[in-house]
Amino acid sequence: MKSTLKKLLPFAVVGVVSGATTVGAIQYFGHGSNNGDQSFFTTSAPTATFAGMNTGAVGDDFVKAAKTTVPAVVTIKNYQNRTTNRASEQDLFDYFFGDPFGGRGQQRQKQQQAPDNMPSGMGSGVIISPDGYIISNNHVVAGANKLEVVLSNKKSYIATLVGTDPNTDISLLKIEEKGLPYLNFANSDNIDVGQWVLAVGNPLGLNSTVTAGIVSAKGRGIGILGSQGKAANPIESFIQTDAAINPGNSGGALVNTNGELIGINSAIQSTTGYYQGYGFAVPANLARKIVEDIKKFGIVQRGFLGVSSLDLSNDQQVAAYNKQFKTNLKSGAGVYVTGFGDNSGAEDAGLKKGDIITKIDSYDITDFADLSMSIGSKRPGDKVQVTYSRNGKESTTNVMLRDQKGGTSTRTKADLSVTEKIGAEFEPLTERFKTEYGLNSGVVAKSVSEGSEMAKIGIVDNYIIIEINGKPVNSQKDIESILNKYQGNVQVKFVDDYGRIYTKGFKMP
């Protein structure tokens, strides 16, 4: 059974995600939203244009775009005081971005702890409002107990982390200042392959660096968000560019020649960890939706289509599926429905196993990245028109998106369960395990969310929680009972992989 599930994992993605991850927002701007708080954003002019290869003034355009962008791009320094033999949450991304010590992620793992006056990691960020809101990557701020923001004029601030979303690798910070330079959001749906772009950030400690290139591709999925298990519902539909980006660019701006934000630089594909011609950015439409959710609701609002699926454009996945289930599916465009999750809006709307999704609203679906992107900027309660093929006949139906609990309304932090608030789930320990290790109580931490309260005190998957607020716990229900409606400091007693016992705490969110 386990081997069967492992084989199914590549193509069974329960609940096509919506609201976030470093990647691909869809027609949020074309259709608008009544839920978004857009008060601190300024959209770009609808007549925005790009410089072509033969445009004589392209050099001037680069200069103007650089002058607009550089003052709005900041350095973010991540300070941590954690000592651990485990790999940091940032190690995967340090391979791509932001290792201030000039080494690779593997080298950093050997360090016990950075000095108090030295950041554990550095990246970039983009000011998106004159009153100090800054967008960056989640991995730039992960694990920080202090975040320092340094402007291009060298003025420094301590930032407040407003919120993060590992599924999109987006974070929102705030510094207390007014009248700051900032960038407008462009509609990233309107970009075309071959258009000029500039990447602005702080690579390799070189502040305010500007590089130029083109949009090399759209809708790229490189598997970086879901590969480490940090993103429960990753969306990957990156803008690919050949503008040179290197460690330290992460969280910086990808702009058009008008100096308008079209993406947040997030990763590179490289055999060395440095620029080899392939950079990837979160589309601005998706990034904007995520920070609007964080600012207004405190959490990201995600709508789910509620299907398990197979990407028909992936020859290997199709071949594996055919072998596993003795089917004869053909590779091609579209997403094949293999099943439904609980409380599935798609199933209620009439979709069936074997249908091939070809379009969401007016957006063509050629692969899973397209499907993720088309749902990525939607919220629970939003409706989408799904076009699908069944036995060669095309049909359409309207689907109301739901959250993972089946709800169709937005939620705030106050509506979250205890485990959602602290960012982990828990499984009971067996009596045999308790006997072997001399424990009288305990639960195993599972699905610990990056940046959560549990993660901040050093708890990762498979650590054992013995007590909460001095009370023994033996089930998730015990933890929920102790912390339900609780306000104040939470004391957690836990055991790490080596059997060492710690007592640490956090303030209940």
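The model examined here is predicted.

**Exercise 1. The surroundings of Asp 311**

Decide whether Asp 311 is buried or exposed, and trace its side-chain polar contacts.

Solution. 
1. Asp 311 belongs to strand S13, which spans residues 307–311.
2. Its relative accessibility is 13%. Buried means under 20%, so Asp 311 counts as buried.
3. Its side chain makes a polar contact of 2.6 Å with the side chain of Ser 313. The side chain of Asp 311 also reaches the backbone nitrogen of Phe 368, at 3.2 Å.
4. Beyond four places in sequence, the contacts of Asp 311 include Gly 334, Thr 366 and Asp 367. Gly 334 is 23 residues away along the chain, yet the two C-alpha atoms are 6.8 Å apart.

**Exercise 2. Helix H10**

Determine how many residues of H10 are buried, what covers them and which residue caps the N-terminal end.

Solution. 
1. H10 runs over residues 368–376, and nine of its nine residues are buried. Phe 368 is one of them.
2. The cover over these residues includes strand S8, helix H7 and strands S13, S14, S15 and S16.
3. The N-terminal cap is Asp 367, with a side-chain oxygen 3.3 Å from the backbone nitrogen of Ala 369.

**Exercise 3. Asn 78**

Identify the backbone oxygens that lie by the side chain of Asn 78.

Solution. Asn 78 is in strand S1 (residues 73–79) and is buried, at 0% relative accessible area. A polar atom of its side chain lies 3.0 Å from the backbone oxygen of Val 140. For the backbone oxygen of Val 141, the distance to a polar side-chain atom of Asn 78 is 3.5 Å.

**Exercise 4. Aromatic pairs**

Classify two of the seven aromatic pairs in the structure.

Solution. 
1. Tyr 321 and Phe 325 form a tilted pair, 4.7 Å centre to centre with 40° between the planes. They are separated by about one helical turn because they stand four residues apart in helix H8. Tyr 321 is buried at 5%, whereas Phe 325 is partly exposed at 36%.
2. Phe 433 and Tyr 437 form a stacked pair, at 4.3 Å and 25°. Both lie in helix H12, four residues apart.

Technical notes: Residues are numbered from 1 along each chain as its sequence is written. This is a predicted model: local features need pLDDT of at least 70, side-chain atom pairs count only at pLDDT 80 or more; totals for chains, interfaces and linings use all residues. Side-chain values use heavy atoms; hydrogens and water are left out. Helices (H or I, at least four residues) and strands (E, at least two) are DSSP runs, numbered from the N terminus. Buried means under 20% relative accessible area, exposed over 50%, partly exposed in between (1.4 Å probe, protein chains only). Contact means heavy atoms within 4.5 Å. A polar contact is a pair of N or O atoms within 3.5 Å; within protein, one must be able to donate a hydrogen and the other to accept it, and residues adjacent in sequence count only if both atoms are side-chain atoms. Rings of Phe, Tyr and Trp (its six-membered ring) pair if their centres lie within 6.5 Å; planes under 30 degrees apart count as stacked, over 60 as edge-to-face and the rest as tilted.
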